[in-house]
Amino acid sequence: MIDGFGRKIDYLRISVTDRCNFRCHYCMPENQTFLPHGELLDYTEIALLAERFIAHGIRKIRLTGGEPLVRRDMQILLLALGRHVHAGRLEELTLTTNGSRLEKFAPILAEAGVKRINVSLDSLNPEKFTTITRGGDLAQVLAGIRAAKDAGIHVKINMVAMKGRNQDDLMPMAEFCVSGGHDLTLIETMPLGDGVGGRQDEYITLSEFIAPLTHIGTLTPLEDRSAGPARYWRVEPLHLKLGLITPMSHNFCDDCNRLRLTTDGKIYMCLGSQMHVDFKTALRNQGSTAVDGLLQKALRLKPLRHDFETQMADPAQRLNRHMNATGG
Ligand code: SAM
Ligand code: SF4
């Protein structure tokens, strides 16, 4: 699949639910409302769409949300998608999770052929963690990370950089990652959704956020690009692989290879745009034959780049869509 700007699209992110058991303060407000269950794609519909997308060239699928592991009977979807991995039709099935239900799901993920996952973790201080997530239990997440490791799944930690809130958590997190054999990726806060705290107050560029690391060691760029938004660095003498996702300070759209399927069956071609194509309605009204034509339309509509800089500076231009709706 090639989009209108000549970019090869082979990566699909699926938001399996917009619901979550956390309320991370940069992601959604405390009183967030969620989609009615009837609006959600059911597992059969998600599996059918995934199958068509794989037939057209998707090679990697990431499940996200909301919190993917809070959707009821998630093992059904995991094992259904895992069949494509085991048959060699899909190179990678992976997941981004808050880790709270990972202890239970780690063996199921392994059975579905999941080899690596991202776990979001912004602080190793239990009280601070509970404050940032508005109720999360750090011990549960750490137990989940251990269970994933025991199941042979590589864990990358995702940490959102928040000025004045978790700057002093960077070094403990780096040490935790080194001792546990995890990679660490840092993310700049993006201006998505209304009623969410932080934003300009807590926005900090990653070059400023990583200052404690640059003081104690050296960062060497790695070739590893994986066509995603992260740029990777080796931090010595820590032996840490560090990813930096800088949607705000450095645009990463040139080699974007992804599409995003929302919980309610819309394909968004860009995290920073409202443009989408409604696959659920087509699927329910016309059956799976409608999918192939719509996919070509989605590819043509994929924009060249996002414009988070303008949206951060001008609240009137921000998208009224929270991160949990499209997945991170
Ligand atoms: N619940 C799962 C989790 O937290 O990993 C998956 C969904 S979450 C929306 C995916 C990622 O988006 C997480 O790593 C989270 O930290 C990040 N995220 C959420 N809101 C964000 C924002 N406004 N700016 C930057 N990253 C954000
Ligand atoms: Fe939930 Fe993930 Fe959003 Fe936190 S970042 S509220 S865990 S969806």
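**Exercise 1.** In this predicted model, find which polar backbone atom lies 3.2 Å from an oxygen atom of ligand 1, and then describe the surroundings of ligand 1.

*Solution.* Begin with the backbone: the polar atom that lies 3.2 Å from an oxygen atom of ligand 1 belongs to T97. Taken alone, ligand 1 exposes 550 Å², and the protein buries 95% of that area.

Next, turn to the side chains, where a polar atom of Y26 is 3.1 Å from an oxygen atom of ligand 1, while an N or O atom in the side chain of E67 is 3.2 Å from a nitrogen atom of the ligand.

Then take the shell as a whole, which consists of 19 residues, the closest being Y26, G66, T96, S120 and M190. By class, this shell around ligand 1 divides into 6 nonpolar, 10 polar and 3 charged residues, and the strands β3 (92-97), β5 (154-161) and β6 (183-188) each supply at least two of its residues.

**Exercise 2.** Determine which residues surround ligand 2 and how they divide by class.

*Solution.* List the residues that surround ligand 2, which are C20, F22, R23, C24, C27, M28, G66 and N98. Sorting them by class gives 5 nonpolar, 2 polar and 1 charged residues.

**Exercise 3.** Compare the salt bridges E30 to R134, E92 to K60 and K128 to D169, asking for each pair where its residues lie and whether they are buried or exposed.

*Solution.* The structure holds 10 salt bridges, among them the one between E30 and R134, whose closest N and O atoms are 4.0 Å apart. This pair links distant parts of the chain, with E30 in the loop between β1 (11-15) and α1 (43-55) and R134 in the loop between α4 (126-133) and α5 (138-150), 104 residues apart. Because its relative accessibility is 58%, E30 counts as exposed, whereas R134, at 28%, counts as partly exposed.

For the second pair, the side chains of E92 and K60 meet at 3.4 Å, N to O; E92 lies in strand β3 and K60 in strand β2 (residues 60-64), 32 residues apart. Both E92 and K60 are buried, and together with R116 they are linked in a network of salt bridges.

K128 and D169 are both buried.

Definitions and conventions: Residues are numbered from 1 along each chain as its sequence is written. Chains are lettered from A and ligands numbered from 1 in the order in which they are written. This is a predicted model: local features need pLDDT of at least 70, side-chain atom pairs count only at pLDDT 80 or more; totals for chains, interfaces and linings use all residues. Side-chain values use heavy atoms; hydrogens and water are left out. A residue is near a molecule or strand if one of its heavy atoms lies within 4 Å of it. A polar contact is a pair of N or O atoms within 3.5 Å; within protein, one must be able to donate a hydrogen and the other to accept it, and residues adjacent in sequence count only if both atoms are side-chain atoms. Accessible areas come from the Shrake-Rupley method with a 1.4 Å probe; for residues, only the protein chains shown count as cover. Helices (H or I, at least four residues) and strands (E, at least two) are DSSP runs, numbered from the N terminus. Ala, Val, Leu, Ile, Met, Phe, Trp, Tyr, Cys and Pro count as nonpolar, Asp, Glu, Lys and Arg as charged, and the others, Gly among them, as polar. Buried means under 20% relative accessible area, exposed over 50%, partly exposed in between (1.4 Å probe, protein chains only).
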